[in-house]
Amino acid sequence: MRRTLARPAALEGIGLHLGVPCRLTFQPALAKQGIVFRRTDRPGLPRIRAHVSEVSGSERRTQLGKGDCAVHTVEHVLAAVTGMGIDDVTIDMDGPEPPILDGSAAPFLAALSDAGLASVDGEPDFLDLSEPVRIIDGASVYEAYPAARLELDVTIEFPHPLIGKQSRRFTVTEESFASELSRARTFGFVHEVDALRAKGLIKGASLDNAVVLDDSDILSGDLRWADEFVRHKAMDCVGDLALAGARVRARIVAMKPSHRGTVTL
Ligand SMILES: [Zn+2]
């Protein structure tokens, strides 16, 4: 059976990049609708399907839709939705970007868990590979192989003494998503702040909603895991893969994944 929510669930806060307040409400949806965002602050309540065809930006975050009606930085919300195996949901937003909250997918997952799941008619849509695929996008390299479920093998490398090279392999199930991935927070470097702000990004970032690093240390308190960084990148991959519009069944080896690279895949 396909899954939606049993009742609505709402969260609010400011967005990471635009720094604008937003109330986000997950709404139960009819069978076969898929995952759809709706801008409730815009005339006509424009709807944007969570689908790769709607991607309009992928630098440092994943943006869907156009101009005034776009939704920005949707990857953590989408990760929580697909991490719970939800097929059909409407995600109402009264602003352009979901709240960043603690920088992870955990608050969204908690809200969805509190609301509870409901079955709707029909079988989930699956995306299966018929043959291996390899793509290279800048520094990102992806290999994807046919598999019975979603397996992620993610490697990141940052020239920072507390990150370095981290690799981790996950079989993505509801249980492993909740326990191993959902709590991993986004991260950023002090030396990038000025350049990103100049591009209009990270206006809402703070020590409370991201792991912030200077050249040698972490400024935002203890990590949740020593390899929280690679876990977060794997969580971002789960969110971006939701844009397939179906549950992806593949073994994906991702070296230095990026939002743009995962969207391309
Ligand atoms: Zn992220």
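Tutor: We begin with pockets: on a 1 Å grid over the protein atoms alone, a pocket is an open set of points with protein on both sides within 12 Å along at least five of seven lines, a cavity is a set where a 1.4 Å probe fits but cannot get out, and lining residues have an atom within 4 Å of a point. Grid points are joined across faces, edges and corners, and a volume is the space filled by probe spheres set on the points. In this case the second largest pocket holds about 640 Å³ of space. The model is predicted, so local features need pLDDT of at least 70 and side-chain atom pairs count only at pLDDT 80 or more, while totals for chains, interfaces and linings use all residues. Residues are numbered from 1 along each chain as its sequence is written, and side-chain values use heavy atoms, with hydrogens and water left out.

Student: Which residues lie nearest the centre of the second largest pocket?

Tutor: They are Thr82, Gly85, Ala246, Arg247 and Val248, from a lining of 29 residues. Helices (H or I, at least four residues) and strands (E, at least two) are DSSP runs, numbered from the N terminus. Strand S17 (247–255) supplies at least two lining residues, as do H1 and H5; the largest share, three residues, comes from S17.

Student: What is the volume of the largest pocket, and which element gives the most to its lining?

Tutor: Its volume is about 1,100 Å³. The lining has 46 residues, with Arg60, Phe158, Phe187, Glu192 and Lys233 nearest the centre. H5 gives the most, five residues. The largest pocket also lies between domain 1 and domain 2, because both give residues to its lining.

Student: How is the lining of the largest pocket divided by class?

Tutor: Ala, Val, Leu, Ile, Met, Phe, Trp, Tyr, Cys and Pro count as nonpolar, Asp, Glu, Lys and Arg as charged, and the others, Gly among them, as polar. The largest pocket has 18 nonpolar, 14 polar and 14 charged lining residues.

Student: How many cavities of 30 Å³ or more does a search of the whole structure find?

Tutor: The search finds one. The largest cavity has a volume of about 50 Å³, and its lining includes Leu16, His76 and Phe108. By class, that lining has six nonpolar, two polar and one charged residue.

Student: Are His232 and Asp236 buried or exposed?

Tutor: Buried means under 20% relative accessible area, exposed over 50%, and partly exposed in between (1.4 Å probe, protein chains only). His232 is buried, at 1%, and Asp236 is buried, at 7%. Both lie in helix H5 (residues 228–241), four residues apart, about one turn of the helix.

Terms used: Domain bounds come from an automatic or database domain assignment.
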